[in-house]
Amino acid sequence: METAQLSDHPIFSSNDIAGGVNNSSSVHASGRRRRTIMVLRGSDLIVAVGKELRITSLADTASSSSSAKAYKVLHAPNVDFEIEQLAINLEGKFLVVAGLTQVAVVILPRPAYVRLVTARVDCKSMQVGQYFHASVGAPVIAKVDWHPWAAGGTGLLVMTSDGALREYDASSQVEEPLRTIAFLPPRTHRRGFQPDRNAAEVASFCFGQGKADWGPFTVYALTKSGDIYAMCPFLPADAHIPQSYLSSLECFVKTKRDVFVSSEKPPSSSHTTEEVMVDRQFKFIHALIKQTTSRQPATASRSVPDGPSRIVHVRRPETGIASQTPVRQGPFLLTPAPDEPEDGIGEDASDIVYIMSSSNDQQLDTAPTDEYPEESRNELRRREENLGVVLVAHGSGMVDVCLDTDKIHALWDDSHSADADPILPSFTVYETIDLGLTSQAEGAGAGALLNVNAPLFCVHPLQHSTLFVSHAFGIHSLDLGPWSSLLTDTMLHDSATEKRARRIWADVIEQAPETEATCLIDTFSPEHRASAPIVALALINNPYYSNILLALTNSLQPIPIDLSLQTPLVEEDPVSSVVAIPESEAVGVALPEPYVSLTSSQTYRMPALNLSRSLLRHDPANRYQTPETLRTLGRHSELTQSKAHELVANLDQVKSRLVVQQNEFMRQVKTLQELKKRVDELTGQEQKMLADRVKEKVVEQRLLLERLDVILRKYRESDTSPLTPAEEEWRIELRRLNDEVIDMKNRTALVQHRYEMVRREKTPVASTETKTLPTLGARQRESIENRLWAENKLLVQARDQLETLTASIDNLSLR
């Protein structure tokens, strides 16, 4: 479908609302806050315009003209505030609507709403935590989201800027939170040193991922200063969890517990504390698995009976050790320290996302058997997706890419270990991506835009290694695939062979390429020193609009972008696609040779620009040359020379390809001139000849069709083969239908005849009454009425006899 059908849709217009929309074209009006005012529910598009919720069906948009496009307004009484955020649950039934400090849940209508005549659809809505979020002086809503493992998709999480994460159940209880967890320590009013204001304000949060660790039970929170905190375990009150995950986590915790039990080391304080932690983790998992075994008959009927896709229903433990509040872990140590802007402009963090990197199964299938035995292959496939990647976006356009190499564990509040110094978790910083926003803004003298810039992530639902970053200057695409799959395969290989693990890992990190960052949309205007920030992103991938990234600016201007799927190129001979005509059918016809492009002889692939990361790190403390630095410098020099030779070879390849394309261009221009000359000839004298030939062929075709009908009729008449049972039933059915049609025609003719008789008799009687009744006497009029009454009786008897006869005919036809 054409993207123009989305660009001019009236759902994005702001003229229908009195006073317009409180959105300025300048980024200064919106300020630094999260804005997502557009979501998708299957083929339905939902957009928030001011205080109004609009919905339209993409199926109707794709099949209707521009004049017939329309939308419907979702009337929610409790949504009477400026909408800043929208989030829809996995079931597609609940929509959470958040303003600056208020939150409401709207129950969406069924897809049959499109058949309603009215332009307004009444929806039930509920105010969420009115005492906490709608009161005077309430903290700003940082982010709202639905927990992916909540039962029925009703687990709503609301994070406020003061670090309080509140859990609500949209199906039963939205007035009071089920649980409140504080990610930040309480503020003190004492004099003295106070932490940075940005360190005490949460910007966003996300959920962890994993297969056999505590990742899915972890919630990460990001402060504006860039600090990352985590809570583990975090489980909804009612959860639907894959059975395979619980089994894997149980094996993981049980193995750690067995190691401590079988250990012969002398007991120490750290060893005892860790042993107690592992014992609590085992009790927590055991409490969950005990629920699955007790509810086995109830859960088996609504889940897949076997395989890893089986889902079990568990509740958060309310008693015992497992019911205690998890302890806050962090802030995370980022090693090595990521790059920061020198002037400090736009250094506030705005969003965080956690994704998983999967290994390449194709390499396992094609690898030699001696390197990967069958048992090792199966083990590697079971351990797929074991590398977690955390990305943090900053207002300056910097994106920190971190590797979750040291997984965190479940911890609870323990008074016995309160005096001990906690070990801070850490992330390994792989690289820091610069989107170029700082140079772009400062080059145009608009550096102040960075202070109100709030980049947000959007993960591609089909390709998890691809992310989109929307910000005040446009949209960037980040492709982590070139290095994420390489690191994952290396980890699997090292853990399978257990040889030279650290050495191989260090070499891979040094030679791994950087993330591919591509600018998709640039909304910054250097002349006006202003920009139209992107406030919503939605990836549309359905039968009506295939793989389209729809962006929306704060002035409600939609920008659809066609995304090309990364499918492998199939090399095929272009001549093979041409339909071959037998020589017997091409006698007397001079067919031209098919046009074969010079560039189609072989598929051209752009040489990969493999820029390795720098081996040298600037360390002000190291001012002297050591043998280690000289060896590193020599290795870096060799790598640079090899890359230079590779670039020269790639340049020669591009030059040769350019020569081929230039020759092909000249050849196409020449062919186009020949075609134009041929068209001029056909539109001249030969046009009349061609028209006469076409008429002759049409007449000949009609004669051939008539001959074909005669041949088919004779063939049917001469066919004496017995009918099959199916053909016999079909023949009987045709006869019955024919009889019914004939009977219907007869009954229709009888009704028409009776109608004509009645019409002819009534018309003169009415006229006679009108003219003669006033001149007749009472006795004459009485005599005429008696005769008419007798005639009427005869007509009624005749009608009854006809109906009886018709019923008898129907019974005979049915028999």
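Which residues does Thr292 touch, not counting residues up to four places away in sequence? In this predicted model, the partners are Gln243, Leu246, Val312 and Val314. Thr292 itself sits in helix H6, which spans residues 269–294. Its relative accessibility is 4%, so Thr292 counts as buried. The side chain of Thr292 also reaches back to the backbone oxygen of Ile289, at 2.5 Å. Ile311 is 19 residues away from Thr292 along the chain, and the two C-alpha atoms are separated by 9.8 Å.

Now turn to the aromatic rings. A pair of them is described by the distance of the centres and the angle of the planes. The count here comes to 16 aromatic pairs. Take Phe332 and Phe427. Their ring centres are 4.4 Å apart and their planes stand at 20 degrees, so this pair is stacked. Phe332 lies in the loop between strands E19 (328–329) and E20 (333–335), while Phe427 belongs to strand E24 (residues 426–434), so the pair ties together parts 95 residues apart in sequence. Both Phe332 and Phe427 are buried.

Phe473 and Phe524 have another geometry. The centres of their rings are 5.3 Å apart with the planes at 50 degrees, so the pair is tilted. It links distant parts of the chain, 51 residues apart: Phe473 is in the loop between strand E26 (466–471) and strand E27 (474–479), and Phe524 is in strand E29 (residues 524–525). Phe473 and Phe524 are both buried.

Rings also gather in a group. Trp149, Trp214, Phe217, Tyr245, Phe284 and Trp412 form one aromatic cluster. Finally, a charge meets a ring: Lys143 lies over the face of Phe205, 5.2 Å from the ring centre.

Notes:
Residues numbered from 1 in each chain as written. Predicted model: local features only at pLDDT ≥ 70, side-chain atom pairs only at ≥ 80, totals over all residues. Heavy atoms only, no water. Helix = DSSP H or I, 4+ residues; strand = E, 2+ residues; numbered from the N terminus. Buried < 20%, exposed > 50% of the residue type's maximum accessible area, 1.4 Å probe, protein only. Contact = heavy atoms within 4.5 Å. Polar contact = N/O pair within 3.5 Å; in protein donor to acceptor, adjacent residues only side chain to side chain. Phe/Tyr/Trp six-rings, centres within 6.5 Å; stacked < 30°, edge-to-face > 60°. Lys NZ or Arg CZ within 6 Å of the ring centre and 35° of its normal.
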